[in-house]
Amino acid sequence: MNTEDTRRKSCQKASLICDKVQYQEATFFEKTKLLFHVLMCRMCRKYTQQNKKLTQSINKAQVTCMQKQEKETLKETLSRAIQEQQS
Amino acid sequence: MPKHKIDPNNWIDLYSDYLFNYTITRVNDRDLAKDLIQETFFAGLKSMKNFKGEASERTWLISILKRKIIDYYRKINSNKAKAEVRIKYNSDTESEGDWLEERVADPFDKTAEDTLENEELGEAIYSCLEKLPEKHAAVFKMKTIEGMDTETICNELNITASNLWVIIHRARTAMATCMEKNWF
């Protein structure tokens, strides 16, 4: 029970680091820790692979979205048009 | 009172990112894409009464947007609008490119196919993003697509950093499962 608990906790930590790695925010020490954990833990290994794949495909697709400001201006013009139509 | 109700006030929150991504892969110009989306929303507003609710709102808006994009290419009278296939083999007098090898597509030049695949990939990503809970999707978008700092997002949404990472983690897991199902 106790060991189960600690294992879950270390997996949580590992996945947090793994997420950070995707945004280049993990430190070298954290990365080493992750590496050791991944060597032992199959679930986290799978998650790491999946996570990497997701990042790669997002980079590959070069998805963009509108800036917040652009959206706000668009919203304003649209709501004005809605009001015009209703009146 | 019709069975389906559409609310144009929510359009921008719900669909603008998807539509924008769809447009930008086709016209390759941010300002133009913005204009086209605005026109699409206006046109949608005008023909709201004709919307029968047979398709989802997004599909309906996309179909308007498609017309707008085609109209744009017609207006500038581009080659894309006048696209027709002309295949001639050996009819010109010039002998350059006579060899069959010169007429076969370059196997290393896969750009067109790649772009096409990337367009579809972008759409797949966005449709997966739509299935996430609203807040998770918002955080994921800010962090991954807009590339904002952790701190900026935390300040803006009034959450702690560890809170943000938990949301990111859940969003990533859901996205990975969704993409696994629909794409990979």
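Analyst: One definition comes before the details: a residue is buried when its relative accessible area is under 20%, and exposed when that area is over 50%. The model here is predicted.

Take helix α7 of chain B, residues 150-157. Three of its residues are buried: T150(B), I153(B) and C154(B). They span an arc of only 100° around the axis, so they sit on the same side of α7(B). A general rule fits here. An α-helix has 3.6 residues a turn, so residues three or four places apart point the same way.

What covers the buried residues of α7(B)? The cover includes α6 (134-145) and α8 (161-182) of chain B. The face turned away from that buried side carries E151(B) and N155(B), which are exposed. After α7(B) comes N158(B), with a positive phi near 60°.

Elsewhere in chain B, aromatic rings are worth a look. Over all chains, the structure holds three aromatic pairs. One of them joins Y18(B) and Y126(B) edge-to-face, 6.4 Å centre to centre, with 85° between the planes. Y18(B) is in helix α1 (residues 11-27) and Y126(B) in helix α5 (residues 111-131), so the pair ties together parts 108 residues apart in sequence. Y18(B) counts as buried at 10% relative accessibility. Y126(B) is buried too, with a relative accessible area of 3%.

Y18(B) also has a charge over its face: R58(B), at 4.0 Å from the ring centre. R26(B) lies over the face of Y22(B), at 3.7 Å from the ring centre.

Note on methods: Residues are numbered from 1 along each chain as its sequence is written. Chains are lettered from A and ligands numbered from 1 in the order in which they are written. This is a predicted model: local features need pLDDT of at least 70, side-chain atom pairs count only at pLDDT 80 or more; totals for chains, interfaces and linings use all residues. Side-chain values use heavy atoms; hydrogens and water are left out. Buried means under 20% relative accessible area, exposed over 50%, partly exposed in between (1.4 Å probe, protein chains only). Helices (H or I, at least four residues) and strands (E, at least two) are DSSP runs, numbered from the N terminus. The arc is that of the directions from the helix axis to the C-beta atoms. Contact means heavy atoms within 4.5 Å. Rings of Phe, Tyr and Trp (its six-membered ring) pair if their centres lie within 6.5 Å; planes under 30 degrees apart count as stacked, over 60 as edge-to-face and the rest as tilted. A charge sits over a ring if NZ of Lys or CZ of Arg is within 6 Å of the ring centre and within 35 degrees of the ring normal.
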